[in-house]
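Here is a short briefing on how two chains meet in one structure. Have the sequence and the 3D view open as you read.

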There are 2 protein chains.
Amino acid sequence: MAVTFNSVDPRTGAPGPAYEEATRDDVRAAAAAAEQAFRAGRLADRDARAAALRGAAQRLRAAGDAIVEVCESETGLPEARLRSELERTCGQLEAFAALLDAGDYVEAIIDRADPAAQPIPQPDVRRMLVPLGPVAVFGASNFPLAFSTAGGDTASALAAGCPVLVKGHPSHPGTGELVAAEVSAALADAGLPAAAFAHLLASGIDVGEALVDDPAIAAVGFTGSTAGGRAIHDRAARRDVPIPVYAEMGSINPIVVTEAALRDRAGAIAEGLVASVSNFGGQLCTKPGVVLVPAGAAGDAFAADVAARLNGVPPSVLLNERLRDALREAVDRLAARPEVRALGGAGRRPGSDRDGFRHQAAAYEAPAAAVADGSELLEEHFGPVIVLLRWRDRDELHAALDRIEGQLSGSLHAQPDEDVADLVEALAARAGRVVFDGFPTGVAVTYGMQHGGPYPATTSPLHTSVGMTAVRRFLRPVAFQNAPQHVLPPELRDENPLGIWRRVDGELTR
Amino acid sequence: MAVTFNSVDPRTGAPGPAYEEATRDDVRAAAAAAEQAFRAGRLADRDARAAALRGAAQRLRAAGDAIVEVCESETGLPEARLRSELERTCGQLEAFAALLDAGDYVEAIIDRADPAAQPIPQPDVRRMLVPLGPVAVFGASNFPLAFSTAGGDTASALAAGCPVLVKGHPSHPGTGELVAAEVSAALADAGLPAAAFAHLLASGIDVGEALVDDPAIAAVGFTGSTAGGRAIHDRAARRDVPIPVYAEMGSINPIVVTEAALRDRAGAIAEGLVASVSNFGGQLCTKPGVVLVPAGAAGDAFAADVAARLNGVPPSVLLNERLRDALREAVDRLAARPEVRALGGAGRRPGSDRDGFRHQAAAYEAPAAAVADGSELLEEHFGPVIVLLRWRDRDELHAALDRIEGQLSGSLHAQPDEDVADLVEALAARAGRVVFDGFPTGVAVTYGMQHGGPYPATTSPLHTSVGMTAVRRFLRPVAFQNAPQHVLPPELRDENPLGIWRRVDGELTR
């Protein structure tokens, strides 16, 4: 008899429908089928892949009401947010389809032969990117659509021509199954094999471990906690054949506010900050966790304003019990530190579990100079919690920044006439994205978006999980030397039948 | 008192001059200085880096006689080869300087703001590649110039703007010191800090381990054995902050010969093969180790011809005693297998160690069908040794190819009118480069050259250690969101002051 687990409504703590647990045997079967389909070239047709991505977008939109309804009950996220996230998910699938139409993502390079080259004659060398192989995707609980079953990892891997095996997130199993069904249908509509996509739902870690270990898997995409991402990284590194792991993990997304900016628009900054910290329970990988605020009266007033606003936010529903418990523990540890002061309503907890899994938005404060002593001040608090670090001068500000590890983002609120080169440099040195006079949440899906950063923001500082260059994670270069025209892929033939941009003898051309 | 070790002339086994061993303290000091120089932006001037690379090339050419003389005595490689390798090394440094001049290697992407975008307004996002940080380089023994102290890893990392700490190879310490002195002088001439480059010479593994462990090191480049590369990969993966390891390791570089090609030009193929196998003692990472040859009379004649030619090659001087001993052992293991037949003079050994470290070029033969039984047939033999695998039909040929792991290269000798799509696909599926009607040795430094491949050819199938895209290994993307023009790097400003190619709103332009 099949083993099952139940979804849980985090707004009430009540169990929902039962879902069947995938097994290690299911993983092996899905991975073997994916590898076979891949090796047989059954994902090689770029137009078919583009059609499948567009078809998935169209189908997900059509199934939007049902998906959003189930998703609300599994995540406690509000309908408007989920509708927006669904549209983002669909837009992302379509953007990768457009990337396939344009075709230059293969980064074709042609170096024509030069028999007179020194010290040795130069052969004809033609290089392009080709897909790596089957990819395992671990979706995130906090973006049940855009970073999960049909999220950025899945979209970019399928675009690259890699089969995808999704480890379905147990925090939104019903959402995952609905989405997976639409993706599978879209692949079938486009004539691609069923084995190109699998959704393996499991509440434990066995299935995920089996995926990472499976010899057919060529790369892993992951969005989630630092502990989870690191465990997968380490496991993949120990394989007989190590494989790349693109884990997008924790971040405290520091924000620096200058005195001049505070003088000019403290209220607007506080308003934006509170929204960025508390929207959707603060459960975003780019939620600001630390704000570096000047000491002194203006900073005090700003801190009090932020605290009062957060205090006024109703207790947030968190995605699941585990996250709520982890946040409580982390906040308790933080609040217990002697240098930390709870601001306003911080520390107050909502009622019993009959209210589901909730946490009060809260602000804490500590001297920036204390950062050297305790890394707890720089820990991620996954939820509607912010730490204000108060600095007395630029040296103290820089000393605190220097203690901050790799980040997804760093933000700066400053005045146009201020000299902030040193701050921009300090933020860019440790973050994948530097945001000016704004907030890091709401990562736009643009061609060049960088959603990544040095460890521990990710396990691969060279890559991004949002934006068109995310596709590179699942591609490897192959060069053809002195190949006859007829054996070359169309991307590398003399006549450039696809009309793509290529680098020929060092110059970009089409 | 400083600890020293002596170089050894592999042609005689006689010791040469003594060289001082670097220590773990030297590593820490060099890494800290490199990090400080990097963080202070002292390598940020692209023109200065280009000047330093060109200056290094000029200086290495000027010092060529002295370098080649020492190098001959340390490696036993012939003067003509070393002069050619030195020119290749210089040309490579200059090619990366030209890459800096052109400037588009930063892959600038500009997505202009779109307030009307759905589901959320699109901010202005501008992304480019920036250097990772200090890089540790482990040079190879077999290319004492082009893949060592000032080789491709060093050139590409310096081009990227990363300080370089070379673990000097103990098999050519004097060469390394001479080369390092010229690189350091060139950096000084260009106004770059001394800390941007260090040469740490050591005969043991301590210094290398300290380099991989040092928190200031952001990436590792390595060329050498599978065991060495894997050990570094595993060590780097265990760090508190894991770092990318670009290890270019073993390869058997399979060659497929069709019956039609054999009928047309067996002699020419044998001649080219023997040169590719035996030149420079066969000590090249792209030396063919396995040739898949048809069974039957034409194949028999080809095998006999190859064996006779190899038999006529005088015993090769190998780079050092360790490599010679390892080759002997591996060949003994191979020859002891029941399915393996020594061809012609195979198995014959040159005289005593008074002749230095030598090995006779040799060919062995086995049925391709035996590959399934013993991986020893697919082991790398680092030296002038080749295994001919005899296949009876296409199925047997494919079955053997399917057992071959990731490779730097795969080659195909076929006739223009043959249908070889299946073979090209099989080779491209497991190799970074597919060579037609030629031999994989002599990797040309062209823009798009791919010298890499799936594991165990490398630890990073996404990258190359030769060609202009090698620079990517040491760069990470940073995006600036809604940044005022004056804080943006010139590469990302509206007016494009550097005139580089950029992707603006999805379209390539300058």
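Two strands count as paired if DSSP finds at least two bridges between them. With that in mind, A:Val434 stands opposite B:Phe480 in E19(B). Please remember that this is a predicted model.

**Where the strands of the two chains pair**
- A:Arg433 has B:Ala479 as its bridge partner in E19(B).

**The sheet they belong to**
- An open sheet of 12 strands with mixed pairing runs in the order E13(A)-E15(A)-E16(A)-E11(A)-E10(A)-E17(A)-E18(A)-E19(B)-E4(B)-E3(B)-E20(B)-E21(B).
- Within chain A, helix H12 (residues 394-402) lies across strands E10 (255-257), E11 (290-294) and E16 (385-391), and runs at about 140 degrees to E16(A).

**The contact between the chains**
- In total, 62 residues of chain B are in contact with 62 residues of chain A.
- Elements giving two or more residues to the side of chain B that touches chain A include helices H4 (79-102), H8 (226-238) and H13 (421-428) of chain B.
- E19(B) gives the most to that side of chain B, with six residues.
- By residue type, the side of chain B that touches chain A divides into 36 nonpolar, 15 polar and 11 charged residues.

Definitions and conventions: Residues are numbered from 1 along each chain as its sequence is written. Chains are lettered from A and ligands numbered from 1 in the order in which they are written. This is a predicted model: local features need pLDDT of at least 70, side-chain atom pairs count only at pLDDT 80 or more; totals for chains, interfaces and linings use all residues. Helices (H or I, at least four residues) and strands (E, at least two) are DSSP runs, numbered from the N terminus. Two residues are in contact if their C-beta atoms, placed from the backbone, lie within 7 Å. Axes are lines fitted to C-alpha atoms, for helices over the stretch in contact, and angles run from 0 to 180 degrees between N-to-C directions. Ala, Val, Leu, Ile, Met, Phe, Trp, Tyr, Cys and Pro count as nonpolar, Asp, Glu, Lys and Arg as charged, and the others, Gly among them, as polar.
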